[in-house]
Amino acid sequence: SYTTLAGRTAVITGAASGMGSATARLLAAQGVRVALLARRAERLEELAAAIKEAGGEALAVATDVTDQASVDAAAELVHNTFGRVDLVVNAAGVMLPNPVDEGRADEWQRMIDTNVTGALRIIRAFTADLVAAAAEGRTADLVNISSIGAHIMFPNYAVYGATKAALTYLSTSLRTEFGPRDVRVTNIEPGLTDTELADHVDNAELSGQLDGMFDALGGLSSDEIADLIAYTTSRARHINLRQLIVQPTRQA
Ligand code: NDP
């Protein structure tokens with residue numbers, strides 16, 4: 001039982017690379033108008049151009065989700081250009097592991113601001129749209145990209161895991177607020193996926209450990225995560241796949 005994605009309007013954070021970018025391409029190919037949010041403007045412009053070239057509709061909106069004024073400006077531009085949105089994907093995220101006793105408060109703050117408060121800023125900016133769309137009988141979705149790190153403990157990933165556990169908790173809890181108004185909330189928890197996420201790890205030992213995991217386990221691709229997002233958001237509107245844990249088959 002499914003509904004068509006064509007004609008919907010999406011906001012996708014983290015659209016400059018990885019899962020956000022792949023999701024934007026896939027949804028756009030299915031007829032969804034996509035607003036692309038991340039900090040790197042050139043990346044977004046390139047992606048928007050590629051989507052338009054392929055016959056889709058896209059808007060590049062350079063946005064820093066850690067900055068409320070930036071999110072406010074993005075919401076205004078999206079609303080002025082596309083009107084109301086009915087699909088929100090929170091894919092922006094950073095992963096900066098280090099032993100907690102190194103006390104890298106700068107990294108902790110960046111992860112909390114991006115992965116948790118950033119998602120909340122986007123939710124605040126666009127959920128009135130979702131509620132209004134649902135009230136008109138249209139399909140409305142909030143999709144949060146959490147992580148398997150919300151459940152599985154990895155040494156030196158305590159703060160990253162804590163931000164993802166918080167996001168998973170938020171998704172579950174927000175269902176109690178939005179579900180009764182027919183807005184779906186879907187929490188996706190990927191395992192190892194081949195994106196730029198690991199490029200920002202500044203600890204050589206942990207970086208090497210990640211390389212070893214990719215070699216041993218193989219990673220999922222961003223397109224494979226995008227495919228799941230297209231699947232969940234195209235079910236009939238009374239069906240909410242609320243939690244999806246997806247890992248490479250070899251990853252324990
Ligand atoms: P990427 O690093 O490729 O993508 C992350 C995106 O977030 C980038 O496009 C980046 O763009 C954007 N971003 C980062 N900080 C900000 C900010 N302050 N404001 C706006 N955008 C921001 O990695 P992934 O695709 O892997 O990450 C997507 C999500 O998936 C993340 O939440 C990550 O935690 C999660 N995840 C990833 C896994 C993996 O193995 N790769 C596993 C489980 C979960 P820019 O720098 O231009 O702002």
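The model is predicted; local features need pLDDT of at least 70, side-chain atom pairs count only at pLDDT 80 or more, and totals for chains, interfaces and linings use all residues. I number residues from 1 along each chain as its sequence is written.

Next I listed the contact (C-beta atoms, placed from the backbone, within 7 Å). G18, M19, S21, A22, T23, L26 and L27 of helix 1 meet S222, D223, I225, A226, D227, I229 and A230 of helix 7. By class I note eight nonpolar, four polar and two charged residues. Nonpolar covers Ala, Val, Leu, Ile, Met, Phe, Trp, Tyr, Cys and Pro, charged covers Asp, Glu, Lys and Arg, and the others, Gly among them, are polar.

Then I turned to the ligand. I found 31 residues around the ligand, the closest being G14, G18, R39, R40 and G93; a residue counts if its C-beta atom, placed from the backbone, lies within 6 Å. Helix 1 gives the most to this shell, three residues. By class the shell has twelve nonpolar, 14 polar and five charged residues.

Last, I noted seven helices and nine strands in the chain; these are DSSP runs, helices (H or I) of at least four residues and strands (E) of at least two, numbered from the N terminus.

Technical notes. Two residues are in contact if their C-beta atoms, placed from the backbone, lie within 7 Å.
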